[in-house]
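Please consult the sequence and the coordinates alongside the text.

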Amino acid sequence: MANDEEITRYMTLIEQYKEQMSQLEMQSQYVSAAIADYNKAKITVEQMSNSEPGTEVILPIGGSTFINATTKDTSNVLFDIGGGIVIEKKSEDAVNKIDKRIEDLQKTQEKLMQMIQNIQTETTEIYSKAQKLMEKQKS
């Protein structure tokens with residue numbers, strides 16, 4: 001009877017680990033999307049800073065929608081520093097801040113992937129223990 005309880009406990013743990021992995025994978029996808037978004041912003045700032053004032057551009061506004069625009073001052077960009085506060089920064093400074101945010105997100109991504117790997121390893125070990133107990137019960 002104790003084996004049944006232990007098998008049930010192992011199976012419950014496996015289900016909990018699967019749920020945790022699912023949540024971590026979802027967080028990892030959000031982080032990947034944020035990294036991609038920051039990379040797009042970086043490329044845009046770099047390209048815009050090299051253009052002359054008065055250059056006509058097609059500006060993405062989200063949702064696969066664009067507007068025609070003319071650049072005015074390409075040496076400065078408006079940069080969100082958090083909490084809904086936006087400041088004006090030199091393009092180079094903005095690119096450096098974006099690089100820092102990308103680096104931080106990549107570190108977060110690495111931590112998430114390590115956590116997923118640890119949970120997968122633990123799940124495999126528990127599954128193996130449960131399988132041995134079930135085989136033991138059959139004999």
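A residue is called buried under 20% relative accessible area, exposed over 50% and partly exposed in between, using a 1.4 Å probe and protein chains only. By this criterion Lys-18 is partly exposed, because its relative accessible area is 45%. The model is a predicted one, in which local features need pLDDT of at least 70 and side-chain atom pairs count only at pLDDT 80 or more, whereas totals for chains, interfaces and linings use all residues. Residues are numbered from 1 along each chain as its sequence is written, and side-chain values use heavy atoms, with hydrogens and water left out.

Helices (H or I, at least four residues) and strands (E, at least two) are DSSP runs numbered from the N terminus.

**Salt bridges**

- The structure contains five salt bridges, a salt bridge being a side-chain nitrogen of Lys or Arg within 4 Å of a carboxyl oxygen of Asp or Glu.
- One of them joins the side chains of Glu-15 and Lys-18, with an N to O distance of 3.9 Å. Both residues belong to helix H1 (residues 2–49) and lie three residues apart, about one turn of the helix.
- Glu-15 is partly exposed, because its relative accessibility is 49%.
- Another salt bridge links Asp-99 with Lys-42 at 2.8 Å, N to O. Asp-99 lies in helix H2 and Lys-42 in helix H1, so this pair ties together parts that are 57 residues apart in sequence.
- Asp-99 has a relative accessible area of 28% and is therefore partly exposed. Lys-42, with 22%, is likewise partly exposed.
- The side chains of Lys-100 and Asp-104 also meet in a salt bridge, at 2.8 Å from N to O. Because these residues are four apart in helix H2, about one helical turn separates Lys-100 from Asp-104.
- Lys-100 counts as partly exposed at a relative accessible area of 41%, as does Asp-104 at 33% relative accessibility.

- Gln-109 is located in helix H2. Its relative accessibility is 15%, so Gln-109 counts as buried.
- The side chains of Gln-109 and Ser-32 are joined by a polar contact of 2.7 Å. A polar contact is a pair of N or O atoms within 3.5 Å; within protein, one must be able to donate a hydrogen and the other to accept it, and residues adjacent in sequence count only if both atoms are side-chain atoms.
- Leaving aside residues up to four places away in sequence, Gln-109 touches Ser-28, Val-31 and Ser-32, where contact means heavy atoms within 4.5 Å.
- Lys-129 also has its place in helix H2, which spans residues 91–138. Lys-129 is partly exposed, because its relative accessibility is 44%.
- The C-alpha atoms of Lys-129 and Tyr-10 are separated by 7.9 Å, although the two residues are 119 apart along the chain.

**Strands E1 and E2**

- Strand E1 (residues 56–62) and strand E2 (residues 65–70) run antiparallel and are joined by six bridges. Two strands pair if DSSP finds at least two bridges between them.
- The two strands form a hairpin with two residues between them, and Gly-63 in the turn has a positive phi of about 60°.
- Ser-64 is placed in the loop between E1 and E2. Its phi is near 55°, a positive value in a residue other than glycine.
- Ser-64 is exposed, because its relative accessible area is 71%.
- Leu-59 is part of strand E1 and stands opposite Ile-67 in E2. At 33% relative accessibility, Leu-59 is therefore partly exposed.
- Leu-59, Ile-61 and Ile-67 make a nonpolar surface patch of about 240 Å². Patches consist of residues with over 30% relative accessible area and no salt bridge, like charges being joined within 9 Å and nonpolar side chains (Val, Leu, Ile, Met, Phe, Trp, Tyr) within 5 Å. Accessible areas come from the Shrake-Rupley method with a 1.4 Å probe, and for residues only the protein chains shown count as cover.

- Thr-74 lies in the loop between E2 and strand E3 (76–82). Thr-74 counts as buried, because its relative accessibility is 11%.
- A polar atom of the Thr-74 side chain lies 3.0 Å from the backbone oxygen of Ser-51.
- Not counting residues up to four places away in sequence, Thr-74 touches Met-48, Ser-49, Ser-51 and Ser-91.
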